[in-house]
Amino acid sequence: MIHTTGPGGTLDSGDRDLGRTDAAVFQALIASPEARERLAHLTGRGLQTPGPLERDLGRAVAELHR
């Protein structure tokens, strides 16, 4: 196992492998048409920007199901 130290502390190669696995799972999850539709809806309303959507993400997600 490889150990590296960075600004956030110590990482080992196992942690990096988990990060790659998480990234692959995330990519698979957002590949579905439903996920793309949700992301488009939320991004169009301000996701990833400082504003009301980021302050009340739960309400914005609930609006998807109306």
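1. A residue counts as buried when its relative accessible area is under 20%. By that cut-off, 14% of the 66 residues of the protein chain are buried. The model discussed here is predicted. The protein chain exposes about 5300 Å², and carbon and sulfur atoms supply 59% of that area.

2. The secondary structure consists of 4 helices and 2 strands. Read from the N terminus, the order of elements is β-β-α-α-α-α. Among contacts between residues at least 6 apart in sequence, 3% join residues at least 24 apart.

3. The mean pLDDT of the protein chain is 75, and 71% of the residues score at least 70. Confidence is lowest in strand 1 (residues 3-6), with a mean of 46, and highest in helix 2, with a mean of 88. Over residues 1-6 the pLDDT stays under 50, although the model has 15 contacts beyond four places in sequence for this stretch. Where pLDDT is low, the predicted coordinates should not be read in detail.

4. Helix 2 has 12 residues. From the first C-alpha to the last, helix 2 reaches 16 Å, close to the 16 Å expected at 1.5 Å a residue. Just after helix 2 comes Gly46, with a positive phi of about 115 degrees.

5. The loop between helix 2 and helix 3 also holds Gln48. The phi of Gln48 is near 75 degrees, a positive value in a residue other than glycine. Most residues other than glycine have a negative phi. Gln48 is exposed, at 70% relative accessibility.

6. Leaving aside residues up to four places away in sequence, Leu47 touches Leu39, Leu42, Leu53, Glu54 and Leu57. The C-alpha atoms of Leu47 and Ala60 are separated by 9.5 Å, and the two residues are 13 apart along the chain.

7. How many salt bridges does the model have? The count comes to 2. In one of them, the side chains of Arg45 and Glu63 meet at 3.1 Å, N to O. This pair links distant parts of the chain, 18 residues apart: Arg45 lies in the loop between helix 2 (33-44) and helix 3 (52-55), and Glu63 lies in helix 4 (residues 57-63). Arg45 has a relative accessible area of 40% and is partly exposed. Glu63 is also partly exposed, at 26% relative accessibility.

8. Asp56 forms a salt bridge with Arg59, and the closest N and O atoms of this pair are 2.3 Å apart. Asp56 is partly exposed, with a relative accessible area of 26%. For Arg59 the relative accessible area is 52%. Exposed means over 50%, so Arg59 counts as exposed.

Terms used
Residues are numbered from 1 along each chain as its sequence is written. This is a predicted model: local features need pLDDT of at least 70, side-chain atom pairs count only at pLDDT 80 or more; totals for chains, interfaces and linings use all residues. Side-chain values use heavy atoms; hydrogens and water are left out. A salt bridge is a side-chain nitrogen of Lys or Arg within 4 Å of a carboxyl oxygen of Asp or Glu. Buried means under 20% relative accessible area, exposed over 50%, partly exposed in between (1.4 Å probe, protein chains only). The expected span of a helix is 1.5 Å times one less than its number of residues. Contact means heavy atoms within 4.5 Å. Accessible areas come from the Shrake-Rupley method with a 1.4 Å probe; for residues, only the protein chains shown count as cover. pLDDT is the predictor's confidence in each residue, from 0 to 100.
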